[in-house]
Amino acid sequence: MNVTLKVWRQKDSKSKGHFETYKLNDLNPDMSFLEMLDVLNEKLIHEDKIPVEFDSDCREGICGQCGLTINGRPNGHHHHTTTCQMHMRHFEDGDTILVEPLRASAFTVIKDLKVDRSAMDRIMQAGGFISVHTGSAPDANSLPIGKMDAEDAFDSAACIGCGTCIATCKNSSAALFTSAKITQLATLPQGEIEREKRVVAMVDAMDAEGFGSCTNTEACEMECPQEISVTNIARMNFEYNRALLLGKK
Amino acid sequence: MLNAKIPEGPLEKKWKNYQEHCKLVNPANKKKLDVIVIGTGLSGAPAAATLGELGYNVKVFFFQDTARRAHSVAAQGGINASKNYQNDGDNVFRHFYDTLKGGDFRSREANTYRLAEISANVIDQAVAQGVPFAREYGGVLANRSFGGVQVKRTFYAQGQTGQQMLLGAYSVLMRQIGLGHVKSYNRHEMLELVVIDGKARGIIARNLITGEIERHSAHAVILASGGYGKIYYLSTLAIGSNASAAWKAHRKGAFMAGVSWVQFHPTCLPQSGDYQSKLTLMSEALRNDGRIWVPKLKGDDRFPNDIPEEERDYYLERKYPAFGNLAPRDIASRSAKEQIDAGKGVGPNKNAVYLDFRDAIKEYGAEEIGDRYGNLFRMYEKITGMSPYKQPMMISPAAHFTMGGLWVDYELMTTIPGLYAIGEANFSDHGANRLGANSLLQASVDGYFIVPVTIGNYLSNDIRTGKIPTDTPEFDKAEEDAVERLKKFVSINGTKSAEYYHKQLGKIMFQHVGVSRSKKGIAKGIELIKELREDFWQNLKVPGGIYEVNSELEKAGRVADFLELAELMAHDAYDRDESCGAHFREEYQTEDGEALRNDEKYMYVSAWEYTGYGKVPKLHKEELTFEVVKPSVRSYK
Ligand SMILES: Cc1cc2nc3c(=O)[nH]c(=O)nc-3n(C[C@H](O)[C@H](O)[C@H](O)COP(=O)(O)OP(=O)(O)OC[C@H]3O[C@@H](n4cnc5c(N)ncnc54)[C@H](O)[C@@H]3O)c2cc1C
Ligand code: SF4
Ligand code: FES
């Protein structure tokens, strides 16, 4: 198949970016979107041009490092997928495809399609943990946890930290990402002790990093590769208000 | 002869003895000691967090944008721990024995025992962090059996055990970073190890955003840089997985051991074209119900469902009636390659075998099979566009786990004092083959529980040393070397990309130092590797410059190191005239095609010393003595 790509090129975080057009012929529809970009880069190298910078690592949808805006949508037109799990067979022969970095107020472009998402780490540093020291844990079975609670916690914990939710949101809100961790730890008895402290610290960090507020459009859930549910956000709001009521802020 | 510094006493007392007698650093002095950790996988993140919590000054480096992306995140199946929660007769000894036997008696008894001994603590630790392992209705933890062992000792979190374990470790690391005990350097790559007066004292790193070359000193350095299976290009590893950190240490004097011992996973998606960048692992669990076959007729092009029963060869069931489709990974991988090499491979590129659920669906119904494997079937369909409910899956073997790595002693210290290697980067507990679900365990045990203790024994001598300065001749030289090399890459200005060389190298390695090897084949491989390496230094093309974001430059560095390591792997495989574990030498097999070990001559670990670029490495032996267990020969007939 043949496609025309319009790719965002930006030298560094300070420069202005622009689109460049590239044509690729004879692509195999079975290749992944990122492999298609590999082919483009190989071609650019041969033409003595600078290849397109983009991020990826596991290429199996679990590390969260990839992530591009494809035709205006994070990870393209398929719901619930990472960019590395998009395949060319999902496009038509002759398509023109617009490729941009993930866009959000708290993400800066490093070069071309690479963005800086370290604000997400800082939210985690504020409270996305249980304060346990190595070696001081009780026997794992000493604290029974219902199968359903464990599964609910897992569903929240499955977040891959990709930032798709943030890039999808018109407000660049990190609510889905942050609430997934808050919900996971609030669902488990181990997380109970720091429950109020955690939610307040993480929500404050989220605001401090310049992420927008959630206005409940639920677009994030539609695109999240891990199908993290917006009920996590409801839980975060509940936890936050509860902490306020208890005077923990 | 190499000395592993194994503590005195009976096997089950050794670690206790060690801990009772090793030197400690008091809390006030820990503040004066700097430690560098390379990597934030399931070995590096726990090590950095635990050391930070203990009071050391820790710097942690990794090449991804956040610590949570280290490739440990991709592990699916589970993690072993001999907790005996199922009351099925499991215990530390059995876990130890299974591990030692799985490794075909090519690992150290003392280390392997310690792995099993500490395994229970890892699960406690993870649960305390909030890792949501699978549970029973009563609220206790669930287990399954994995990798052909007879007890249920594997803990799991759906098919994302590695992710959940890693996120647990990441969370404690984030906490230590937030508290200011650990400083994190994301998008940084270690380029050189700095050795001063024979001791590891720091690194040279490149900031992958600005391209800046940085000097970082420390009293000790821990490499937790992961496995190097990506040397085969097509593998289950991540795009950035590499051998560079370990190789730089090797060049500075750290021995590497068992380097050619690589586990190939039998159930990966086959390559569909030359553009392909990785082979995705499909869980081994599929082999519980799927039947593996190829057409009896060479080059049979019929649609699989049209091939009648009597024209199918269920070769694993035929050759290994007792284990059938559940034969161990190396046997399953080797048998698949045999079929493919014999021209019976299937799929457009004739490089796969079928894994068929037709009979299972007939027996249990599509719904039940969907309950068991729905996720995996969806994943398969997402990638290939084909539904395993309607036609057999296609699978092929792919490089997956490297048992080999930096040689370490009982304290996980390499042959360079003050340099430690943990996780998949070292050669230690798995011997010549790794038991499924034991490597998440090994990474965790090394990082949470072993290195934080053993490093104190070493650092206690450094409390009066003071900060290690970075304006020394050794740092100057290391930085110069690093920059020199980067300049070389961009100045060759040839015609071929680093990716091209990596792909070529992968083919050579798969063919000559892969699933099965022969003396003649390896010799040919060495020739080809040398030729390719020469070509690389003549015709490589790296566009762009050094002091900017430049992925091609990063790739070139990794491929250059792979090109050297490849030759070492070939030497290692060539030198060992026996078959053991994942090392299958075609000349050494029984009449039925089983691996033929030679305990008389090869009951040792081959540890190699670097002797110079392109020179034949020097062999050192660590003799293995088995005091408790008597090596037996495995049989899966
Ligand atoms: C697909 C897959 C499935 C698996 N499934 C299982 C399973 O079910 N059970 C099991 O027990 N094991 C499994 N394994 C094996 C297991 O996951 C690994 O052995 C283990 O996670 C390795 O952890 P690690 O900490 O050693 O390395 P990694 O997690 O690979 O981490 C390496 C770290 O080093 C850093 N790094 C590397 N080089 C450099 C450099 N030059 N400079 C700076 N930083 C560097 C990286 O950034 C990264 O942070 C699986 C492996 C794969 C690939
Ligand atoms: S919530 Fe979903 S979209 Fe957001 S970071 Fe997590 S996995 Fe990505
Ligand atoms: S590259 Fe890891 S999720 Fe896409």
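What follows is a conversation about how to read this model.

Me: What should I know before I start?

Reply: This is a predicted model, so to speak of local features we need pLDDT of at least 70, and side-chain atom pairs count only at pLDDT 80 or more, while totals for chains, interfaces and linings use all residues. Residues are numbered from 1 along each chain as its sequence is written, chains are lettered from A and ligands numbered from 1 in the order in which they are written, and side-chain values use heavy atoms, with hydrogens and water left out.

Me: Okay, let's begin with chain A. How many helices and strands does chain A have?

Reply: Helices (H or I, at least four residues) and strands (E, at least two) are DSSP runs, numbered from the N terminus. Chain A has eight helices and seven strands. Its C-alpha trace spans about 60 × 35 × 35 Å along the principal axes.

Me: What share of the residues in chain A is buried?

Reply: Buried means under 20% relative accessible area, exposed means over 50%, and partly exposed is in between (1.4 Å probe, protein chains only). In chain A, 59% of the 249 residues are buried.

Me: Where are the domains of chain A?

Reply: Domain bounds come from an automatic or database domain assignment. Here that gives domain 1 (3–111) and domain 2 (118–245). Their centres, taken over C-alpha atoms, are 29 Å apart. Contact means heavy atoms within 4.5 Å, and 19 residues from domain 1 of chain A meet 21 residues from domain 2 of chain A that way.

Me: How do I put a size on a meeting like that?

Reply: The size of an interface is often given as the accessible area lost when the parts come together. Buried area is the accessible area (1.4 Å probe) that two parts lose on being put together, summed over both. For the two domains of chain A that is about 1400 Å², with carbon and sulfur atoms giving 57%. On the domain 1 side, Pro74(A), His80(A) and Phe107(A) lose the most area, together 36% of what that side buries.

Me: What about chain A and chain B: how much area is buried between them?

Reply: About 6100 Å², of which 51% is from carbon and sulfur atoms. Asp57(A), Thr134(A) and Phe154(A) supply 12% of the area that chain A buries there, more than any other three residues. Counting contacts, 72 residues of chain A touch 75 residues of chain B.

Me: How many salt bridges cross that interface of chain A and chain B?

Reply: A salt bridge is a side-chain nitrogen of Lys or Arg within 4 Å of a carboxyl oxygen of Asp or Glu. By that rule, five cross the interface of chain A and chain B. Take Asp65(B) and Arg117(A), whose side chains meet at 3.1 Å, N to O. Asp65(B) lies in the loop between strands S2 (57–61) and S3 (79–80) of chain B, and Arg117(A) in the loop between S7 and helix H2 (118–127) of chain A, so this pair joins two chains. Both Asp65(B) and Arg117(A) are buried.

Me: Can you show me another one, inside a single chain?

Reply: Lys252(B) is in the loop between helix H7 (244–251) and strand S10 (256–257), and Glu192(B) is in strand S6 (residues 188–196), 60 residues apart. Lys252(B) is partly exposed at 31% relative accessibility, whereas Glu192(B) is buried at 10%. Over all chains, the structure holds 68 salt bridges.

Me: And the rings: how many aromatic pairs are there over all chains?

Reply: Rings of Phe, Tyr and Trp (its six-membered ring) pair if their centres lie within 6.5 Å; planes under 30 degrees apart count as stacked, over 60 as edge-to-face and the rest as tilted. There are 30 such pairs over all chains. One of them, Phe357(B) with Phe377(B), is edge-to-face, at 4.9 Å centre to centre and 70 degrees between the planes. Phe357(B) lies in the loop between strand S14 (353–356) and helix H10 (358–364) of chain B, and Phe377(B) in helix H11 (residues 366–384), so the pair ties together parts that are 20 residues apart in sequence. Both Phe357(B) and Phe377(B) are buried.

Me: Which residue lies over the face of Tyr156(B)?

Reply: A charge sits over a ring if NZ of Lys or CZ of Arg is within 6 Å of the ring centre and within 35 degrees of the ring normal. Over Tyr156(B) that is Arg144(B), 3.8 Å from the ring centre.
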